[in-house]
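User: I'm new to this one. Can you walk me through it in plain terms?

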Amino acid sequence: MDALVEKLKKLGFEGELDDSQETRQFYSHDASLFEILPELIVFPKNESDLQKLVAVVNELKSSTPNLSITARSAGTCMSGGAINDSIIVDFSKHFTAIEQVAPRSAQTQPGVLYRNFEKATLQQKAIMPSFPASRELATVGGMVANNSGGEKSLEYGKTENFVSKLRVVLADAQPHILKPLTKPELESKIKAGGFEGQMYQKLFALLEANYDKIKAAKPHVSKNSTGYNLWDVWDRQTGVFDLTKLFVGSQGTLGLVSDITFKLVQEKPHSGVLVCFMKNLNGLGELINTVVATKPASFEAFDNHTLSLSIKFFPYFRKTLGWKGLFKLGWQLIPDAFLLFRGIPKMILLIEYTGETPAEVAQKVHAMKLGLKPYKLEATEEDSTEAKAWKFRIMRRESFNLLRKKVKDKHTAPFIDDLVVPPPYLIEFLPKLQAIIKKYNLLATIAGHMGDGNFHVIPLMKIEEASERAKLEPCMREVNELVLHYKGSLSGEHNDGLIRGPWLEEMYGKEIVDLFKQTKRIFDPQDIFNPHKKTDATWDYSMSHVRQKF
Ligand SMILES: Cc1cc2nc3c(=O)[nH]c(=O)nc-3n(C[C@H](O)[C@H](O)[C@H](O)COP(=O)(O)OP(=O)(O)OC[C@H]3O[C@@H](n4cnc5c(N)ncnc54)[C@H](O)[C@@H]3O)c2cc1C
C-alpha cells in the first residue's frame with residue numbers, strides 16, 4: 001500500500017487517505033453478516049481523484065494482485081457489498097452535492113443521503129419513489145448500486161426505473177456517460193474505438209448472440225436485485241441500448257458512479273391507509289391476492305416479534321424522531337393500547353391508497369375494509385389521511401435497525417432476508433417457509449413488502465457459536481430451493497454481495513452465470529472492482545468472513 005499512497009500523492013490526489021487501525025476496523029463492517037478488514041480507506045474529493053486511484057491500481061495490479069477498489073457510501077448494505085480486503089472508497093464525505101433539482105429530474109452526487117435528497121426534491125413537490133426503509137441512513141449512490149426499493153415500489157418499481165443518466169469512472173480510469181442510446185448512437189460509439197468502443201462492441205455482440213436466452217432468464221417477479229440485469233440493456237424492438245440498466249444493481253463491480261441524474265415523480269396529493277391486525281397467519285396468502293387485486297399504492301407488513309420489540313425498546317425511536325416525535329409516537333399508540341393488552345397480533349398490515357381528493361382516498365380505504373371482512377381480522381383501523389398510520393409506518397421502516405441496535409445477546413443474521421415469490425404462490429409458499437424457520441429453531445422477525453411478495457426474514461442468532469453458524473448453509477439451501485420452486489428471486493432489493501453471490505448458479509443456471517461473468521470481464525478485465533461479490537463470490541470466502549464477535 002505504501003507504493004500506492006506515494007504514487008497517489010505524487011499525482012496530486014486531493015482527498016484523504018487513512019490506514020489507521022481504528023478507521024480500518026470501522027470500515028470492516030456494513031449491515032451484513034460479514035466482516036473484512038480493509039487495508040486503506042480513501043475519501044476522494046472529486047472525479048479526478050477517482051481517475052487517479054483507478055490508474056494507480058491498474059499500474060500496480062500485476063505486482064500486487066490482491067489490490068482492489070470497493071465503493072462505499074453509507075455502508076448500510078445487508079449483503080456485504082460495501083466491505084472488502086483492499087481499498088475502500090468512501091463517497092459519503094465529499095461527493096455530497098445536490099447539483100440540480102427540477103420538477104421532473106434531479107442531478108446529484110452519489111454520496112448524498114436520501115433524506116437530504118428528498119428535502120430538496122420536495123421543494124419541487126417531487127420525490128424519487130424507490131427509497132428504502134433505510135431512507136434515514138442510506139445514500140442515493142448506494143440505492144443505485146443495489147437497485148434499492150421500498151414501500152412505494154409496488155406502484156413505481158425500483159431505482160432502475162428512475163435513473164436516466166450516470167457518470168462513471170471505468171477500468172480505463174476515464175469518466176464515461178451512460179444513458180439510453182439509439183442504434184446509430186451505439187454504432188458511432190463502437191466506431192470510435194478505444195476502451196469505450198470495445199466495451200460497447202463486446203457487450204452488444206454478447207447480447208445479440210444470446211438474445212432469446214437472456215430475455216428468457218429475466219426473473220418472473222416484480223422486483224429483482226440478483227445477477228446482472230442483462231435483459232433490459234438491449235431491446236431489438238425499440239432499438240434502445242441502455243447501459244444504465246446494467247450499472248444500476250451492479251454493486252460497484254463494474255466501475256465507480258460519480259454522478260447520477262434521476263427522474264422524479266410528483267408527490268400524490270392525498271393518501272390514506274387501512275391498518276389490519278391479524279390474529280394468525282391463516283389465509284394470509286389468499287388475503288394478499290385480494291389486496292393486490294385492488295392495486296394499492298403500497299402494501300407493507302411486520303410481525304408480532306417486530307411489534308413487541310418496538311414496544312420494549314420504545315425510547316430507541318428518539319434517535320430518528322427526536323423527543324417531539326417520540327412523544328407523538330407514544331401519544332398515537334394510546335388508542336391501540338386496549339387492543340395490544342388483549343395480546344400482540346401476529347401480523348400488522350399497512351395497505352395504502354392514493355388519490356386526487358381526500359374523499360376518493362377515504363372511499364378506497366373503506367372499500368378495502370369491507371373487502372377484507374371475510375378474513376375475520378382481529379381489527380382494522382381506517383385512516384384516510386395517513387396521520388394515524390404513521391406510528392406503524394415508523395415501526396415498519398425502523399424494524400431492522402431496531403433489531404440491529406437493540407437486541408444485545410443475539411445478532412441480526414440477514415441470510416434469507418430478501419426473498420421474493422410471486423403473490424399467487426404465497427398461499428402455498430408461506431406455510432412451507434414457516435416450517436423451515438421452525439425446523440432450524442430460528443427466532444426470526446418477518447417484515448416486508450407484501451404486495452410484491454417480498455419478505456424480509458431476519459433471524460436473531462448467536463452467530464459467533466459454531467452450532468448456529470452451521471445452520472446457515474442448510475437453511476439457506478432449503479429456503480432458496482423453495483423460493484426458486486415457486487419461480488421467485490433470492491433478492492428483491494438487497495442484492496447479492498457476499499451472501500447470495502454463491503447462489504447465482506442455483507437461480508440462473510451455469511449458462512446465464514457464464515454470460516454474467518463475461519460481462520464482468522468486459523468492464524473489469526483486471527478484476528479491480530469489488531471482488532468476491534456477485535459472480536466472483538464463493539461460499540468458502542464468504543463463510544470465512546462471517547462476523548465472529550459483535
Ligand atoms: C435498517 C435497514 C433497512 C433497510 N431497508 C432496505 C429496504 O427497504 N430496501 C432496500 O433496497 N434496501 C434496504 N436496506 C439495505 C441498504 O440500506 C440499501 O441497499 C441502501 O440503498 C444502500 O445504501 P448505502 O448508501 O448504505 O450503500 P452502501 O452500503 O455504502 O453500498 C451498497 C453497495 O453499493 C456500492 N456503491 C456504493 N456507492 C457506490 C458508488 N458511488 N459507485 C459504485 N458503487 C457504489 C457498494 O460497493 C455496495 O456494493 C436496509 C438496510 C438497513 C440497515
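Analyst: A word on terms to begin with: helices (H or I, at least four residues) and strands (E, at least two) are DSSP runs, numbered from the N terminus. The model is predicted, so local features need pLDDT of at least 70 and side-chain atom pairs count only at pLDDT 80 or more, while totals for chains, interfaces and linings use all residues. Residues are numbered from 1 along each chain as its sequence is written, and side-chain values use heavy atoms, with hydrogens and water left out.

User: Where does A120 sit, then?

Analyst: A120 is in helix α4, which covers residues 114-122.

User: Is A120 buried or exposed?

Analyst: A120 is buried, because its relative accessibility is 17%. Buried means under 20% relative accessible area, exposed over 50%, and partly exposed in between (1.4 Å probe, protein chains only).

User: What does A120 touch?

Analyst: Not counting residues up to four places away in sequence, A120 touches I98 and V101. Contact here means heavy atoms within 4.5 Å. I458 is 338 residues from A120 along the chain, and their C-alpha atoms are separated by 33 Å.

User: Back up a bit. How many helices and strands are there in the protein chain?

Analyst: The protein chain has 22 helices and 22 strands. Its radius of gyration is 23 Å, close to the 24 Å from the globule rule for 550 residues, so the chain is as compact as a globular protein of that length. That radius is taken over C-alpha atoms, and the rule is 2.2 Å times the number of residues to the power 0.38. Along its principal axes the C-alpha trace spans about 70 × 55 × 45 Å.

User: And what share of the residues counts as buried?

Analyst: Of the 550 residues, 58% count as buried. As for contacts between residues at least 6 apart in sequence, 75% join residues at least 24 apart.

User: Which residues does N495 contact?

Analyst: Leaving aside neighbours within four places in sequence, N495 is in contact with S79, A145, N146, S225, G249, Q251, D418, R500 and K534. S225 is 270 residues away along the chain, yet the C-alpha atoms of N495 and S225 are separated by 4.7 Å.

User: Where is N495, and is it buried or exposed?

Analyst: N495 lies in the loop between α18 (472-485) and α19 (497-500). With a relative accessible area of 0%, N495 is buried.

User: New topic. How many aromatic pairs turn up?

Analyst: A search of the whole structure finds 19. One of them is W234 with F241: the ring centres are 6.4 Å apart and the planes are at 45°, so the pair is tilted. Rings of Phe, Tyr and Trp (its six-membered ring) pair if their centres lie within 6.5 Å; planes under 30 degrees apart count as stacked, over 60 as edge-to-face and the rest as tilted.

User: Are W234 and F241 buried or exposed?

Analyst: W234 counts as buried at 6% relative accessibility, and F241 is buried at 1%.

User: Which residues form a ring cluster?

Analyst: Ring pairs link Y114, F117, F131 and F262 into a cluster.

User: What about the backbone at K295 and K376?

Analyst: K295 has a positive phi near 55° and is not a glycine. K376, also not a glycine, has a positive phi of about 50°.

User: Where are those two?

Analyst: K295 is in the loop between α11 (284-292) and β16 (298-303), and K295 is exposed at 70% relative accessible area. K376 is in the loop between α14 (358-371) and β18 (379-383), and K376 counts as exposed at 65%.
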